[in-house]
Amino acid sequence: MTEQLKEIELKAKEELSHAADLKSLDDIRVRFLGKKGEITAILKQMGKLSPEERPVIGQLANKVRADIEQAVTSAQNAIKSKAAAVKLEAERLDVTLPGKAPKLGNAHPLNATLAEVEEVFLGMGFDIVEGPEVETDHYCFEALNMPKHHPARDTQDTFYINENVLLRTQTSGVQIRTMEKMKPPIRIISPGRVYRSDAVDATHSPLFHQIEGLVIDKGITMADLKGTLEMLLKRLYGEDTQLRFRPHHFPYTEPSAEVDLMCFNCHGKGCSMCKQEGYVELLGSGMVHPKVLEGCGIDPEVYSGFAFGIGLERITMGRYNINDMRLLYENDMRFLEQF
Ligand SMILES: [Zn+2]
């Protein structure tokens, strides 16, 4: 019987060492230690033993049972910790991996330029005002000294909604709206969309942007206009920027001037970019016409002022060397990501 017990212990330990999971461990435990298990079977035969042998075998049987129980427990623990290790490995988090940064966009070149223009003017004490894009004939033309059938209207091909309502062709209507509401001194810029029924090409679009400027006060002269524009353009194009004022005609300013910028490619010598001119046309400006002031209830004998209209596309294309206006509207990421 002693031999049998020792054999059972060896067999149990051998089987335990091969058990791969908790379920098979439990099967082994039941088979050796259970009520119908092998050790119980031995103990049932104890009656056949002599009184001397019984305690010896009983003791041995208890020891074998305890050893097997201990072996089952340690095998259980081994399997549990192995499973935990596998689980940990599977759920491992590498905190040193770089995170996924959200993709940041950047400002559209038109918006970036406008933001800079606004900053320059805010720094000079200007207010930024807005006007409606659907405008009346009165504000877009009439009040700007362009009565019906005035030839200057022909240069602005217009989207009419009806005879008196149109998509504004210029931001200059905001001049009138501002002078009607505010008393001098007035210092404003007004950026916004304007519309003309132009066919799309490299330098034309039916929708583009202007930045209107207006200053009205006592004693305002062309020198103030020139100083203001110089301040802006040097900020946009660099300190060595040179401007040229060229006489022009606008019905709502007198005198009027177009402002050219010295070509940043050839510095005035003439090249293909400036069509050998040395300068590129940039914006229109002038002293507000006395008739326009009068129409808004401002006495031209007391007050004077200047106004200008800048094409946002034009100054943006000049700054970034963009040669086709259409690129600004196509929303092609390959283009926009360059800025
Ligand atoms: Zn040039």
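The dialogue below takes the nonpolar cores, then the aromatic rings, then the metal site.

Tutor: Keep one thing in mind: this is a predicted model.

Student: Where do I start with the core? Which residues touch the most other members of the largest nonpolar core?

Tutor: L232, F308 and I315 do, in a core of 35 residues. Helix α8, residues 222-237, gives the largest share, with 6 residues. There is also a second, separate core of 24 residues. Among its members are A143, M146, L214 and F250.

Student: What does L232 touch, beyond residues up to four places away in sequence?

Tutor: L232 touches V117, V120, F121 and I310.

Student: Now the rings. How many aromatic pairs are there?

Tutor: The count is 6. To read a pair, look at the distance between centres and the angle between planes. Take F121 and F308: their centres are 5.7 Å apart, with 25° between the planes. Planes under 30 degrees apart count as stacked, so this pair is stacked.

Student: Where do F121 and F308 sit in the chain?

Tutor: F121 is in helix α5, residues 109-123, and F308 is in strand β9, residues 304-311. They are 187 residues apart, so the pair links distant parts of the chain.

Student: Are F121 and F308 buried or exposed?

Tutor: Buried means under 20% relative accessible area. F121 has 0%, so F121 is buried. F308 has 2%, so F308 is buried too. F121 and F308 also belong to one aromatic cluster with F126 and F306.

Student: Why is the pair of F335 and F339 called edge-to-face?

Tutor: Because their planes meet at 70°, with centres 5.0 Å apart. F335 is buried at 9%, whereas F339 is partly exposed at 28%.

Student: What sits over the ring of Y139?

Tutor: The charged end of R177, 4.0 Å from the ring centre. Likewise, R244 lies over the face of Y279, at 4.3 Å from the ring centre.

Student: Last, the metal. Which protein atoms are donors to the zinc ion?

Tutor: The SG atoms of C263, C266, C271 and C274, lying 2.2 to 2.3 Å from the zinc ion. Along the chain, the donors follow the spacing C-x2-C-x4-C-x2-C. C263 and C274 are 11 residues apart, in the loop between β7 and β8. C263 is buried at 3%, and C274 is buried at 3%.

Student: Why is the arrangement around the zinc ion tetrahedral?

Tutor: Ideal angles for four tetrahedral donors are 109.5 degrees. Here the 4 donor atoms subtend angles of 104 to 114°, so the arrangement is tetrahedral.

Methods:
Residues numbered from 1 in each chain as written. Predicted model: local features only at pLDDT ≥ 70, side-chain atom pairs only at ≥ 80, totals over all residues. Heavy atoms only, no water. Core = buried A, V, L, I, M, F, W, Y, C linked by side-chain atoms within 4.5 Å. Buried < 20%, exposed > 50% of the residue type's maximum accessible area, 1.4 Å probe, protein only. Helix = DSSP H or I, 4+ residues; strand = E, 2+ residues; numbered from the N terminus. Contact = heavy atoms within 4.5 Å. Phe/Tyr/Trp six-rings, centres within 6.5 Å; stacked < 30°, edge-to-face > 60°. Lys NZ or Arg CZ within 6 Å of the ring centre and 35° of its normal. Donors = N, O, S within 2.8 Å, 3.2 Å for Na, K, Ca; no water. Tetrahedral: all angles 85-135°; square planar, octahedral: opposite > 155°, others 65-115°.
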